[in-house]
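New page in the notebook. I want to get my bearings in this structure before anything else.

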Amino acid sequence: MTFAEWMRNTAPDMKGAQMAAGNNQDALNYLLQIGYCCRIIDNVYDQDRRYEIQDLLDVFELLFTRIPSNPFYQENIKTLQPFQNLGWCAWQQANRLCTGTPTERIYAHVYRGLVGELYPVVALLTQGYDAMIEIREFTESYFRDSWQKSLDR
C-alpha cells in the first residue's frame with residue numbers, strides 16, 4: 001500500500017495519532033509518516049504482508065526528506081529522536097524475543113509497547129501533561145491481554 005493509499009484508507013482511523021497531535025497538523029503528519037514507515041518496515045521484516053517497491057520508495061522519501069523537513073520534527077528533534085531510537089531498538093528486541101520462551105514472549109510485548117511511546121511524547125509537546133496521560137491510557141487499551149495470545153502458541 002503506497003503512502004497515498006495508506007493516508008486515504010488507514011490514517012483516518014488512527015485516533016491515537018489524532019488525539020496526540022491535537023490541533024497541530026505538522027505533529028499529526030509526523031506521527032502518520034512514522035507510522036507508515038514502521039508498518040512497511042515491519043512488513044519487510046516479517047514477510048507477512050505484501051509490499052511493493054513503491055512502498056519502499058515512499059518509506060525512503062519520508063525518512064530522508066519529508067520527516068526531516070517537518071516543522072514539528074525540526075522544532076522538537078532533541079526530544080523526539082531519543083524516542084525514535086528507543087522505538088527502533090525495542091522493535092528489534094521484540095522481534096528477537098517473540099519466538100522464545102513464554103517469559104521472552106511477554107517481554108517482546110513490553111518492548112513492542114515502547115514503539116508507541118511517541119504518541120504520549122507528541123501529546124506532551126503539543127498539549128501538555130494531562131493530554132500525555134490521556135493518550136497513554138488510550139493507547140494502553142489496545143495492548144491489554146494481547147500478550148496472553150502469544151503464550152498460547
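Predicted model: local features only at pLDDT ≥ 70, side-chain atom pairs only at ≥ 80, totals over all residues.

I started with the order of elements, and along the sequence I read α-α-α-α-α-α-α-α-α. My tally for the protein is 9 helices and 0 strands.

Next I looked up overall dimensions. Along the principal axes, the C-alpha atoms fill a box of roughly 45 × 40 × 30 Å. The radius of gyration is 16 Å, and I take that as agreeing with a compact globule, because one of 153 residues would come out near 15 Å.

Then the contacts. I took those between residues at least 6 apart in sequence, and 63% of them join residues at least 24 apart.

On to the inside. I find that 35% of the 153 residues are buried. The largest nonpolar core holds 29 residues, and Tyr30, Leu31, Leu80 and Val122 have the most contacts inside it. Which helices each supply at least two residues of this core? I listed H1, H2, H3, H4, H5, H7 and H8. H3 gives the largest share, with 9 residues.

Setting aside its neighbours within four places in sequence, I see Val122 in contact with Ala20, Ala21, Ala27, Tyr30, Leu31, Phe72 and Leu80.

The protein exposes about 9300 Å², and carbon and sulfur atoms supply 55% of that. I also checked the 14 positive and 19 negative charges, whose mean positions are 4 Å apart.

Definitions and conventions. Residues numbered from 1 in each chain as written. Heavy atoms only, no water. Core = buried A, V, L, I, M, F, W, Y, C linked by side-chain atoms within 4.5 Å. Buried < 20%, exposed > 50% of the residue type's maximum accessible area, 1.4 Å probe, protein only. Helix = DSSP H or I, 4+ residues; strand = E, 2+ residues; numbered from the N terminus. Contact = heavy atoms within 4.5 Å. Rg over C-alpha atoms; globule rule 2.2 N^0.38 Å. Areas by Shrake-Rupley, 256 points an atom, 1.4 Å probe, with all protein chains shown as cover. Lys, Arg positive; Asp, Glu negative; His and termini not counted. Charge placed at Lys NZ, Arg CZ, Asp CG, Glu CD.
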